Amino acid sequence: MRYRIAHTTAYRYSEPASLSQNELFLSPRITATQEVLQSRLAITPEPQYLHRRTDYFGNLAHVFMVQQPHHELTMTATSLVQTTPPDPPPGITPPWETVAQRLARREHPPELEACQFVFASPLVTVSAGARAYAQPSFPPGTPVLAGAVALMGRIFREFKYDKTATTVDTCVDQLLADRKGVCQDFAHLAISCMRSLGLAARYVSGYLETQPPPGKAKLIGADASHAWIALYVPDFGWVDLDPTNNLPAGERHITLAWGRDYGDVTPVKGVVMGGGVHTLTVRVDVTAETTRLDPL
Amino acid sequence: MNDIHQPGPIRPRPAPASLFNAADFPEHAFREAFDAGGSPRGHWQPVTAALEAIAPEELNQRQERVRRMRHEDGATFNPFDDPSGRGTPWALEMIPLPIPAGEWAEVETGLVQRALLLERILADVYGPQNLLKEGLLPAELVYANPNFLHACHGIVPAGKRFLTYYAADLYRGSDGRFQVLRDYGANPAGLGYALENRIVLSRVFSELYHQTQIRRLAPFFQTLHRSLIQRASLRHQDPGIVLLSPGPESRIYFEHALLSRYLGYPLVEGEDLTVRNGQVFLKKLAGLEPVEAIVRHIADGASDPFALRREAAGGVAGLIQAFREQRVEIVNPIGSGFVDTPVLPLFLPELCRRLTGEALRLESHPGWWCGREDERRHVLANPGQMRIGPAMARTGAAPQLHDLTAAMAAAPHLFMARPPVAPATVPAWDQGRVRPRYALLRVFACATEQGFAVMPGGLAITAADVATVTGETPELQRSKDIWVLSDQPVEPFSLMSGLRTVAEFRRGSDLPSRVADHLLWLGRYLERAEGLVRLLRSLFRRLAGEAGLADIPELAYLLDILRAENAIPPAPADAAGPPRYRELTTQLKAALFQKERPETVVAILKRVQEAARNVRDRLSLDAWRAINHLDGFADNQTGDPLELLNDTLFTLSAFSGLAMESMTRGLGWRFMDMGRRVERALNQTALIRIGLIPLCAESRGALEALLEVSDSIMTYRARYRTSFQLAPILDLLLLDESNPKSLAFQLSQLSAHVEHLPRPGDRRFATPEERMTLEMLTAVRLLDLTGLRCDEGGEKSTSLAAFLHTMENRLKAFAQQITAHYLSRVLSTPHFSAIRGTPEP
């Protein structure tokens, strides 16, 4: 599918802000199933300093600074991407214990590479609680992907989607106690569970094209940033799973960046000096391009 | 019973026992001072002989002198600094630890090799990561190690060196060989204490010091400074180097202040720095000044709240971006805390062989890493013989034994075990005799063009038991100076010459806004404290007299002032006549001692001390002593309040005098004096405004009280010798520019100060501050007091009231203008986009 994405983040300040620094992970990554045809970043006021780099995980990051007094700061990332369905994973995957052992031995470069997503990270603790929660989905000998899909289904059923329940800092043990959160929390929980078993799981930040309810027109601006996970399956690669929606991530999932957890790939983070009271508006539009672009 | 002394049988006096008895020193540990036979080792003999030639009482006095010198230099906490009652970090004990030249040469070569090896590892881990790919470093050391900072991967430091400053804790095992217990990369501590110890000891044992060939420390500091300049291609004159400290709350802040003074690098805190266009600047009164190199004394994780931990206080937002852009050289490069990883030393022998083809010269203390199955099994099978601790992060509580099995099963790679350390013992002076103490040697190295230079000396850390000496609580440890002996005559190299050549770097001309802000408030709080003390003194003096409360007509006036200052609660609405004596004394006592209320004497004194502490490196030692003296105030609640107030006023005056006298007439002094002037002008204006009704009624008591609390009664008497009259009093307190307590005097001082403040661009145009002081001064000069008689219709007093009211507003506006223009410390707020996502409908 071809998607046009417009993601606008706007801050309005009650008093002039004198200096604003931001780091953005808003440019889609090129992946095996995703081509990036266009990617633009527009910032007003014009930043005096803009720096672009590829981070440790291969994501594209922008750092910018606005250094004159400003009352408003608007960042708009627009992109055009072409997604293709991922290869279907093998019907039978190795037992999860075998996968954990291979990751512990890490004899081959892809396993060593995957290994960085096996350990606890700043926002994903790996506790006994997470392991206890994961266990019922992973009886001995369970194929790793089957276990992950079962776990995803349980998170989907046993946790309530609640925008007011959590903050960006909510920890996994808190989630397990409260049983509610948003997609970022479900992703962190799923990752924590997998890692507690010695599996490699990473956090994926991106968008999902939402389908309007049958018979209703799609609302502009109704989309949002999304997050899901990817599980490492040896000899195959990474399989993306969306615990918020209990489905494998597919053509409608648009990948921005991945890392160990939300902290590595926060779409917009920054520090502002002054500015008084802030109001934030975020607007995301994901539109499927139905008309083909004319070939030149 | 008779008390006549009967001389006992005369016993032969035993020969004076040697101070140094090998038998006192346990045999299981290496004895630094003695050989296997128990005789002093050769290189100790000058030290033991010198000490034994001194009478024990004299030695006690010397140790006391050492303590006092350390205290006077500010190396100890005073009780105010230290509400939690922490002790002094690394208190200095006087017996030095000599190391012979040959033994030191081995340490030196070993340290240089180790520093170079660690640097190569850092360069690889933050670069191509070949060690990881080849399996020479287990993946856990990078991927599960909080000391590895992802944000710093790919960064090549501006000076192209990944490790520029390195420290290690060495101990000498029972076989006499030196071994490394810990490595420090991020921000090693102790260099300043080593320097201070040397300064103190070379004075206390000056003869011994100069007769023995001891290698000097000063050349190391010169090397450190020159290498930094050369590496970062800085200007030789006025290089933009700063020393970044977490501030006075750091328990080793003394060290930061000392190194700053010694190296001549301005001492700054995170909020003094800002990043613009990927470059670091120091916020000074005159504007932003580029910073080209930072010697940091803050931890890796606290260095940048933007790129790293957002809760990190004390860091500089954007610092890593400037580091990434090679716009600033940082000592040490951020991320070098990787070197501190406790388990890393276990891999060094193999890494050293593979990377350099040599064997590792300085062995590390052995250990077993639980991330490897065979080693974990060994650890679990022999729990009694080793201590289990964290393998990745050095800090953090050691897990309790019952949690350990579970924690180790879940994440074995986070644990390691080490056999007990058996450090050598050294002789230490303790309560009148020499006793054995365990010792570690903290030694330092800095990067040079050729590799690394090791400081010939260091900090010997000592304690009576092994757990304390190997622990991480400097307050429980003591320290010694390490004397590295030389085979050749040492060049006379004064420590102080280092101070002269590079110190006083751009001080005086300009200063960080934060420092100016603290000085301004120090001036204001001092004046506020003095005013309140004077006022309370007047009250207590009257209460101590014979008269009943009803016979003190000015009592109401004085109490009104106290109420206006919020020092006592407002009068009840139905109050008629003077308050009851009992109630009044309770309120006044509260105005002295109640800590919870912000406007009491004890609370304001505390603010004086806090402001002073923040500018500690700019106050003279004498001034600092006066500040410490204020501690006694709260302890004196039962004594005579009048005496206490007199005493406090004396101390405050002493401090003001000492602080002002010892400051150069630069901007720092101007800001402190401006604070004082603004506060005094506000106070003087308010005193008259509050008492306008009794004053205009020419109440003798009120007029006298006003002169008294304005500290102008002597001047008035000398000048007028008449009864108290309103007009001459107002003339003296408002208009007389020769009276240092008058409003006009404060304003003329302020206007002189603002002329000297830094200004952008053209001097021909007046700054807003200049206009404001001129307006106020003109208003005072034009105030017409002739024939001012309040009983003639009261119109004049109305206009006087209006004048005073306007003046107070203008003074407040002026104070705000100064703050907004020069001292603006804007709060920064982090923001993060949350990812809510949307479940499918």
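## Chains A and B at a glance

In chain B, 73% of the contacts with a separation of 6 or more join residues 24 or more positions apart. Please keep in mind as you look around that this is a predicted model.

**Chain B**

- Chain B has 841 residues, and 47% of them are buried.
- Its secondary structure consists of 29 helices and 21 strands.

**Where chain B touches chain A**

- On the chain B side, 33 residues are in contact with 48 residues of chain A.
- Four elements of chain B each bring at least two residues to this side: helix H5 (139–143), strand E7 (273–276), helix H13 (401–410) and strand E21 (828–832).
- E21(B) contributes the most, with five residues.
- By class, the chain B side holds 16 nonpolar, 13 polar and four charged residues.

**The two domains of chain A**

- Domain 1 of chain A is made up of 2–84 + 266–288, and domain 2 covers 96–262.
- The centres of these two domains, taken over C-alpha atoms, are 25 Å apart.
- Where the domains meet, 20 residues of domain 1 of chain A are in contact with 16 residues of domain 2 of chain A.
- On the domain 1 side, strand E1 (2–24), strand E5 (70–83) and strand E14 (278–288) of chain A are the elements that give two or more residues.
- E14(A) supplies the largest share of that side, five residues.
- The domain 1 side divides into eleven nonpolar, six polar and three charged residues.

Terms used: Residues numbered from 1 in each chain as written. Chains lettered and ligands numbered in written order. Predicted model: local features only at pLDDT ≥ 70, side-chain atom pairs only at ≥ 80, totals over all residues. Buried ≥ 20, exposed ≤ 12 C-beta atoms within 10 Å, placed from the backbone. Contact = placed C-beta atoms within 7 Å. Nonpolar A, V, L, I, M, F, W, Y, C, P; charged D, E, K, R; others polar. Domains from an automatic or database assignment.
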